Amino acid sequence: MANVFYYELKLGPIGIAESDDKITHLFFQNEAFSPEGYTHGETAVLTEAAKQLKEYFDGQRKEFELPLAPAGTEFMQRVWNALLQIPYGETRSYKQIAKMAGNEKACRAVGMANNRNPISIFIPCHRVIGANGALVGYGGGLDKKIFLLELERR
């Protein structure tokens with residue numbers, strides 16, 4: 001069974017979805033999410049995910065302890081696993097992530113995998129920046145990326 005629930009948090013309304021007690025999606029109000037196949041209802045894993053997000057936003061949590069199940073290709077999975085290795089408060093370039101994912105020439109593919117990350121924040125794609133330190137795209141909007149990076153720098 002798959003469920004989705006919406007929470008009002010510091011970045012505004014955030015939807016979190018789960019299937020078989022694993023988080024499958026996190027999305028901001030301005031991001032598209034097709035709830036087909038999902039029932040609107042809160043579950044224990046969604047409640048825990050929202051609790052951990054609140055703690056993160058309040059500066060009380062640096063790591064998430066949740067079962068995650070993002071759907072994607074093998075390369076995307078490798079990229080998302082590399083993102084999970086970026087420590088709180090630090091950033092990495094697309095090239096560094098490409099190298100961690102096993103193909104240092106795949107910077108553009110890393111960008112695409114970042115863009116398709118269905119569980120942002122929990123899988124911290126906001127910690128990936130351009131090689132020159134420039135902030136580049138973020139699915140929820142650059143304002144949210146800036147907020148998250150500044151939150152972690154404090």
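Tutor: Rings of Phe, Tyr and Trp (its six-membered ring) form a pair if their centres lie within 6.5 Å; planes under 30 degrees apart count as stacked, over 60 as edge-to-face and the rest as tilted. The model is predicted: local features need pLDDT of at least 70, and side-chain atom pairs count only at pLDDT 80 or more, whereas totals for chains, interfaces and linings use all residues. Residues are numbered from 1 along each chain as its sequence is written, and side-chain values use heavy atoms, with hydrogens and water left out.

By the ring rule there are seven aromatic pairs. One of them joins Y56 and F57, a tilted pair with 5.6 Å centre to centre and 55° between the planes. F57 also pairs with F147, edge-to-face, at 6.1 Å centre to centre and 65° between the planes. Because F57 belongs to helix 1 and F147 to helix 5 (residues 142-153), this pair ties together parts that are 90 residues apart in sequence; helices (H or I, at least four residues) and strands (E, at least two) are DSSP runs numbered from the N terminus. Ring pairs link Y56, F57, F64, Y88, F122 and F147 into a cluster.

Burial is judged by relative accessible area: buried is under 20%, exposed over 50%, partly exposed in between (1.4 Å probe, protein chains only). Y56 and F57 are both buried, with F57 at 3%. F147, by contrast, is partly exposed at 23%.

Helix 1 (residues 44-57) lies across strand 1 (2-9), strand 2 and strand 3, at about 25° to strand 1. Contact means heavy atoms within 4.5 Å; axes are lines fitted to C-alpha atoms, for helices over the stretch in contact, with angles from 0 to 180 degrees between N-to-C directions. Four strands make up an open sheet of mixed pairing, in the order 3-2-1-4, where two strands pair if DSSP finds at least two bridges between them. Its edge strands are strand 3 (22-28) and strand 4 (39-40), each pairing on one side only.

Strand 3 pairs with strand 2 (residues 12-19) in the antiparallel sense over six bridges, with A17 opposite H25 and S19 bridged to K22. The two strands form a hairpin with two residues between them, and D20 in the turn has a positive phi of about 55°. Five of the seven residues of strand 3 are buried.

One further ring contact involves a charge: the charged end of K144 sits over the ring of F28, 5.4 Å from its centre. The rule requires NZ of Lys or CZ of Arg within 6 Å of the ring centre and within 35 degrees of the ring normal.
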